[in-house]
Amino acid sequence: HLRPADSDAAAADLKDCRLIVLQLEVPLDTVYHAIAFGVAHGVPVLLNPAPARSDLDPARLAGVRFFVPNETELASLTGCSVNSPADAEAAARLLIARGVRCVIVTLGARGALLVTAETATLIDPVPVSNGLGVYQDFLYRSRGELSVAKDIYVRPRSGWFSDRSVCYLAAGRPVITQDTAFGKYIPTGEG
């Protein structure tokens, strides 16, 4: 498990980041610690509250610059019914009132809704890939992949490795991911 002490150990590198990206597959105390670190050092924080957790403390989200829930996560956190973009905007505004600067609600096939204190903008969905060539171009234009594995793969040391990560590697791009003991099956390290 990633603990607050781990982020403290990486403090010098984290201070140079342009964005700290978090999700809820790590312990909440680590998430709260990283949010506080970002606020203290002027590093913006993006939090994707997945998987949804009922024990997430909205008061501890005040330093989050970008909060990116789906409709279910937003409903769980705010207690509001979220069945339409208008519902999503109303629920997002509750988080804005609590100090989150920007809420980006993912709406599946309906796109996304970007909500700030000043505005709400519905963003039309854009197909991620219209074919293999488009996806390959996306990979080649990317600088690499940074990801965290689900706890269900990490704790039992399952050796799980993302097929998306394989695509990045095949495109000659680096992958930084959480160790699930895949080193038993594929080479790891630099190079």
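The pLDDT is the predictor's confidence in each residue, on a scale from 0 to 100. The model is predicted, and its protein chain has an average pLDDT of 86, with 96% of the residues scoring at least 70. Helix α5 (residues 85-97) has the highest confidence, at 96, whereas β7 has the lowest, at a mean of 76.

The volume of the largest pocket is about 1500 Å³. Its lining comprises 36 residues, of which V21, L22, L146, S147 and V148 are the closest to the pocket centre. Two or more lining residues come from each of several elements, including α1 (4-9), α2 (11-15), β1 (20-23), α3 (28-41) and β7 (145-147). The largest share, four residues, is supplied by β1. Classified by residue type, the lining contains 18 nonpolar, ten polar and eight charged residues.

Most residues other than glycine have a negative phi, and most peptide bonds are trans. Against this background, the peptide bond joining A50 and P51 is cis, with an omega of about -5 degrees. P51 belongs to the loop between β2 and β3 (66-67).

Positive phi values are also found at R157 and A181, neither of which is a glycine.

| Residue | Phi | Location | Relative accessibility |
|---|---|---|---|
| R157 | about 55 degrees | loop between α7 (151-154) and α8 (163-170) | 39% |
| A181 | about 80 degrees | segment after β8 | 8% |

Because its relative accessibility is 39%, R157 counts as partly exposed. A181, by contrast, counts as buried because its relative accessibility is 8%, and the cut-off for a buried residue is under 20%.

Methods: Residues are numbered from 1 along each chain as its sequence is written. This is a predicted model: local features need pLDDT of at least 70, side-chain atom pairs count only at pLDDT 80 or more; totals for chains, interfaces and linings use all residues. Side-chain values use heavy atoms; hydrogens and water are left out. On a 1 Å grid over the protein atoms alone, a cavity is a set of points where a 1.4 Å probe fits but cannot get out, and a pocket is an open set with protein on both sides within 12 Å along at least five of seven lines; lining residues have an atom within 4 Å of a point. Grid points are joined across faces, edges and corners, and a volume is the space filled by probe spheres set on the points. Ala, Val, Leu, Ile, Met, Phe, Trp, Tyr, Cys and Pro count as nonpolar, Asp, Glu, Lys and Arg as charged, and the others, Gly among them, as polar. Buried means under 20% relative accessible area, exposed over 50%, partly exposed in between (1.4 Å probe, protein chains only).
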